[in-house]
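Biologist: I would like to go through this model and ask on what grounds each term is used. Please set each value against its criterion.

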Amino acid sequence: MGQPRVIVIGAGPAGVRCAQTLVEAGLRPIVVDENRRDGGQIYRRQPDTFTRPYAKLYGTEAERAQALHASFDVLRARVDYMPETLAWNISEGNLHVTNNGRTRALPYDALVICSGATDRLMPVKGWHYAGTYSLGASQIALKAQACSIGRQVVFMGTGPLLYLVASQYVKAGANVAAVLDTSPLMRRVAALPKLLARPAVLRNGLALVSYLKRAGVQVLTGVTPVEITGSPENGVQGVVVRDRRGNERSFECDAVGMGYHLRPETQLADLARCAFRFDHETRQWLPEVGEDGRTSVPGVYLAGDGMKVLGADAAEIGGRLAALAVLKDFRFRVADEELRRLREEQAKMDSFRRGLAQAFPWPVEQAAALPDDAIVCRCEAITAGELRRTVCEMGAREANRAKALCRVGMGRCQGRYCGHAGAEVIAHAAGVPVEQVGRLRGQAPVKPLAIATYGEVE
Amino acid sequence: MIDNPRSTRGSTSRRFTRLAETDRPRVRIVIDGDVVDALAGDTLMVAVLNNARHLRESEFGDGRRAGFCLMGACQDCWVWTADGARLRACTSVVEQGMHIVTKQPEAAWANLA
């Protein structure tokens with residue numbers, strides 16, 4: 001038997017370290033990545049014509065970003081790199097990819113999915129107005145394009161990204177009107193023991209908060225979002241929240257960056273028929289993974305935030321672990337010492353992850369409190385009221401059933417931004433635990449493809 | 001900040017604000033018939049939103065949209081070229097002479113809501 005054909009999906013921290021480990025073992029993997037350049041979202045590279053130094057772009061993570069980019073620069077000649085290529089289906093040992101309107105089926109013996117994460121969103125009334133962006137989007141605008149999403153920006157939601165993006169905006173000279181965190185401060189105190197698994201990261205996080213306060217930015221914790229005000233023609237004009245004492249507070253702005261931590265991109269794992277389990281701590285369905293990223297399907301492996309949101313450092317470790325798992329399963333020699341060391345490090349990362357989940361919880365109660373006229377599905381402007389009617393009048397108590405009847409999750413984002421909140425709305429309306437509502441099934445193509453896409457004749 | 005001498009759109013008619021990297025060659029494009037300037041290396045989204053406050057109209061009657069995720073996941077930033085091709089503005093790179101239309105050229109979809 002020749003060398004196993006290995007495909008790595010994604011060229012972020014997990015994908016790059018995975019590919020590197022495979023190359024070091026003498027393999028030549030295919031690396032499929034949707035982006036124009038390697039780095040993923042977190043270490044996204046700016047265009048070549050831009051001149052900001054690493055320290056300015058990536059702050060405390062500058063060295064890591066530079067190291068990852070340098071590693072991939074060396075790897076490029078030793079892997080089959082397919083940038084700007086969408087992996088959109090998996091069937092019968094083939095990965096279906098499309099690049100520039102041409103589609104191909106790539107056979108594989110081992111597939112490592114490092115698909116990353118997107119922002120996890122809880123709707124608020126008015127979030128469809130132009131000028132509302134995800135936190136990740138706000139960061140990309142700055143990092144990759146040196147732009148602020150508006151002249152006066154409010155950041156709202158919860159999680160480490162909230163403070164990171166807000167402080168990056170302030171440092172870059174943007175006008176940040178307020179940082180509004182739905183998590184109460186006490187949760188952070190309670191989560192400290194777990195967060196101490198990574199003391200340096202905890203210290204960085206605390207430094208961000210004090211930087212924002214020193215810069216004169218209003219930082220409110222324990223808020224309840226009420227509404228993003230604005231108009232269909234002009235977009236966002238302000239944000240209204242209730243503070244932790246229950247008083248209504250209004251902030252004028254022309255842009256909102258919002259997000260509630262992240263959710264893994266699991267559609268490809270789903271299409272590969274990997275088993276999923278419900279994670280009670282974060283209230284979401286995650287692919288079931290065994291040791292080192294092995295899934296329930298032989299030959300399919302997961303690493304990075306696309307498996308479980310552990311962050312960029314853990315993604316690098318996870319990428320290496322998944323590569324070692326592939327190598328082991330194909331009877332290559334693997335240094336057990338290295339495996340042990342990586343697993344130990346990863347255990348700390350997981351402890352920290354659980355601390356974050358505790359400190360910055362997914363605000364379930366907001367789904368229940370969402371007014372009937374608030375839009376849940378931004379793609380097709382479907383309201384919470386319509387979704388509730390589907391549950392209460394048409395008896396849909398399962399996510400895919402409700403989707404079929406009222407189209408929440410059917411739109412062009414394919415449920416990425418409404419799926420989790422939609423499930424909570426259904427669960428509350430039906431009076432059942434959210435895990436009983438199930439999860440939206442992944443559908444191919446995992447992103448819209450032009451009808452004109454054509455197959456390559458080989 | 002880029003001043004745009006050819007455009008009649010004032011600073012209140014742009015959504016994004018440039019904070020750095022403004023020393024790049026200019027690229028001229030057309031948005032809904034107006035000739036405007038962008039910068040080489042801009043994504044199409046950044047090029048448009050530094051000259052306008054929206055990218056498209058929602059087909060579902062809830063108003064104007066200006067994108068949401070910037071990472072090719074939400075598909076809220078679709079714009080059209082004058083000859084009817086659809087582009088995802090956040091992952092496309094602006095090119096000199098592009099003609100962009102922020103209204104979907106064919107008949108609007110049925111309102112399914």
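This is a predicted model: local features need pLDDT of at least 70, side-chain atom pairs count only at pLDDT 80 or more; totals for chains, interfaces and linings use all residues.

Biologist: What makes chain B a partner in contact with chain A?

Modeller: Contact requires C-beta atoms within 7 Å. By that criterion, 34 residues of chain B touch 45 residues of chain A. On the chain B side, strands S1 (17-18) and S5 (64-65) each contribute at least two residues. That side holds 15 nonpolar, 9 polar and 10 charged residues.

Biologist: Why are S10 of chain A and S1(B) said to pair?

Modeller: Pairing takes at least two bridges between the strands. S10 (residues 147-148) of chain A and S1(B) are joined by 2 bridges, so they pair, and they run antiparallel. One of the residues involved is Cys147(A), whose bridge partner in S1(B) is Arg18(B).

Biologist: What is the make-up of chain B, in helices and strands?

Modeller: Chain B has 1 helix and 8 strands, in the order β-β-β-α-β-β-β-β-β from the N terminus. Of its 113 residues, 42% are buried, where buried stands for 20 or more other C-beta atoms within 10 Å.

Biologist: How do you know that H12(A) and H13(A) touch, and which residues make the contact?

Modeller: The axes of H12 (residues 384-392) and H13 (residues 399-406) of chain A come within 10 Å and cross at roughly 115 degrees. The crossing is right-handed. Glu386(A), Leu387(A), Thr390(A) and Val391(A) of H12(A) meet Ala402(A), Leu405(A) and Cys406(A) of H13(A). These contact residues comprise 5 nonpolar, 1 polar and 1 charged.

Conventions: Residues are numbered from 1 along each chain as its sequence is written. Chains are lettered from A and ligands numbered from 1 in the order in which they are written. Two residues are in contact if their C-beta atoms, placed from the backbone, lie within 7 Å. Helices (H or I, at least four residues) and strands (E, at least two) are DSSP runs, numbered from the N terminus. Ala, Val, Leu, Ile, Met, Phe, Trp, Tyr, Cys and Pro count as nonpolar, Asp, Glu, Lys and Arg as charged, and the others, Gly among them, as polar. A residue is buried if 20 or more other C-beta atoms lie within 10 Å of its own, exposed if 12 or fewer, and partly exposed in between; C-beta atoms are placed from the backbone. Axes are lines fitted to C-alpha atoms, for helices over the stretch in contact, and angles run from 0 to 180 degrees between N-to-C directions. A crossing is left-handed if the near helix is turned anticlockwise from the far one by less than a right angle, and right-handed if clockwise.
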